[in-house]
Amino acid sequence: MNLRFLLLICLLGLGPSNAATDPQAVLKAVVDNQRGGSLRATLTLNITRPERQTQLVLEVASDGNERAITWVKAPPREAGQAFLRVGDNIQLYNPTLKRVLRLPPSGRSDSFLGSDLSYSDLAGRDLEQDFTPRVEAESDTEITLELLPRPQAPTPYGKLVLRASKPGFVPREVLYYDQRGQAVRKITFAQWAQVGGRSFPTQVTVEDLLRPGHRTQMVYSNYRFGLPIPESCFTVRALEAGC
């Protein structure tokens with residue numbers, strides 16, 4: 001049995017439960033599922049607060065890796081805003097000012113349009129880039145990773161605990177902890193679409209564990225995977241003009 005075949009067995013979770021598991025390979029597989037490859041879709045954000053509910057409708061195009069662009073379509077008071085991410089570079093278009101503003105890398109964890117989502121939740125592979133994983137627990141059907149920040153990583157969190165199902169390493173839940181070890185944020189994934197061997201979650205719920213009643217649900221619809229996204233989509237001009 002050659003090394004390549006052994007690695008494939010390990011990645012798919014088909015080997016014995018006590019076989020060594022590469023946590024970095026597991027994390028990559030989880031993020032691959034979460035991003036789904038190249039994508040164009042409608043994204044509806046349902047933002048819940050104790051006193052109100054708000055809905056935003058977005059259009060998004062992504063290469064499934066480090067490039068994504070998002071346009072706000074509704075409600076009218078928010079429409080026209082747009083957000084471009086290329087690697088660590090995030091740029092925002094303000095239609096009132098007709099200006100493009102740059103968000104620093106440290107702003108990737110900032111709230112997106114007043115929701116419980118961050119810019120990192122919408123695009124990018126920050127889990128791989130900013131954290132070092134280790135296997136915390138593993139069974140025949142599930143694996144749990146502990147993710148610790150890399151030195152100088154632009155993240156406010158002390159650690160993350162990620163739970164995924166096997167085989168396939170399908171994302172189920174991520175718990176975010178502050179520097180004191182308190183759980184402050186939870187993301188859960190549901191309603192998976194099968195895309196070229198991946199399991200893409202079309203429903204993502206983000207909860208603020210420090211503020212009861214603060215929750216945002218992100219639902220994908222009209223999604224199309226595997227489409228070639230023109231290079232012109234990932235430019236500053238596309239923020240205002242579309243692509």
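Me: What makes C233 and C243 a disulfide?

Reply: The rule asks for a pair of cysteine sulfur atoms within 2.5 Å. The sulfur atoms of C233 and C243 are 2.0 Å apart, so the pair meets the rule. A search of the whole structure finds one disulfide. Before we go on: this is a predicted model, in which local features need pLDDT of at least 70 and side-chain atom pairs count only at pLDDT 80 or more, while totals for chains, interfaces and linings use all residues. Residues are numbered from 1 along each chain as its sequence is written, and side-chain values use heavy atoms, with hydrogens and water left out.

Me: Why is the disulfide of C233 and C243 called right-handed?

Reply: The torsion about its S-S bond is about 90°, so the disulfide is right-handed. C233 is in the loop between β13 (215-225) and α5 (236-241), and C243 is in the segment after α5, so the bond ties together parts that are ten residues apart in sequence. Helices (H or I, at least four residues) and strands (E, at least two) are DSSP runs, numbered from the N terminus.

Me: Does C233 count as buried or exposed, and how do you know?

Reply: Buried means under 20% relative accessible area, exposed means over 50%, and partly exposed is in between (1.4 Å probe, protein chains only). C233 has 0% relative accessibility, so it counts as buried. C243 has 41%, so it counts as partly exposed.

Me: Which residues have the most contacts inside the largest nonpolar core?

Reply: They are L45, F112, L127, L147, L160, L162 and M218, in a core of 45 residues. A nonpolar core is a set of buried Ala, Val, Leu, Ile, Met, Phe, Trp, Tyr and Cys residues joined through side-chain atoms within 4.5 Å. A second, separate core has eleven residues, including I69, I229, C233 and A238.

Me: What makes L117 buried?

Reply: Its relative accessible area is 1%, so L117 falls under the 20% limit. L117 is in the loop between β6 (99-103) and α3 (119-122). Contact means heavy atoms within 4.5 Å. Not counting residues up to four places away in sequence, L117 touches L45, D110, S111, F112, R185, V206, T216 and M218.

Me: Why is the pair of Y223 and F225 called tilted?

Reply: Rings of Phe, Tyr and Trp (its six-membered ring) pair if their centres lie within 6.5 Å; planes under 30 degrees apart count as stacked, over 60 as edge-to-face and the rest as tilted. The centres of Y223 and F225 are 5.6 Å apart and the planes are at 55°, so the pair is tilted. Y223 is partly exposed, because its relative accessibility is 35%. F200, Y220, Y223 and F225 form one aromatic cluster.

Me: How many aromatic pairs does this rule give?

Reply: The count comes to seven. One of them is F83 with Y119, which is tilted at 6.0 Å centre to centre and 55° between the planes. F83 lies in strand β4 (residues 82-86) and Y119 in helix α3, so this pair ties together parts 36 residues apart in sequence. Both F83 and Y119 are buried.

Me: What makes K159 sit over the ring of Y177?

Reply: The rule asks for NZ of Lys or CZ of Arg within 6 Å of the ring centre and within 35 degrees of the ring normal. The charged end of K159 is 4.9 Å from the centre of the Y177 ring. R172 likewise lies over the face of W192, at 4.2 Å from the ring centre.
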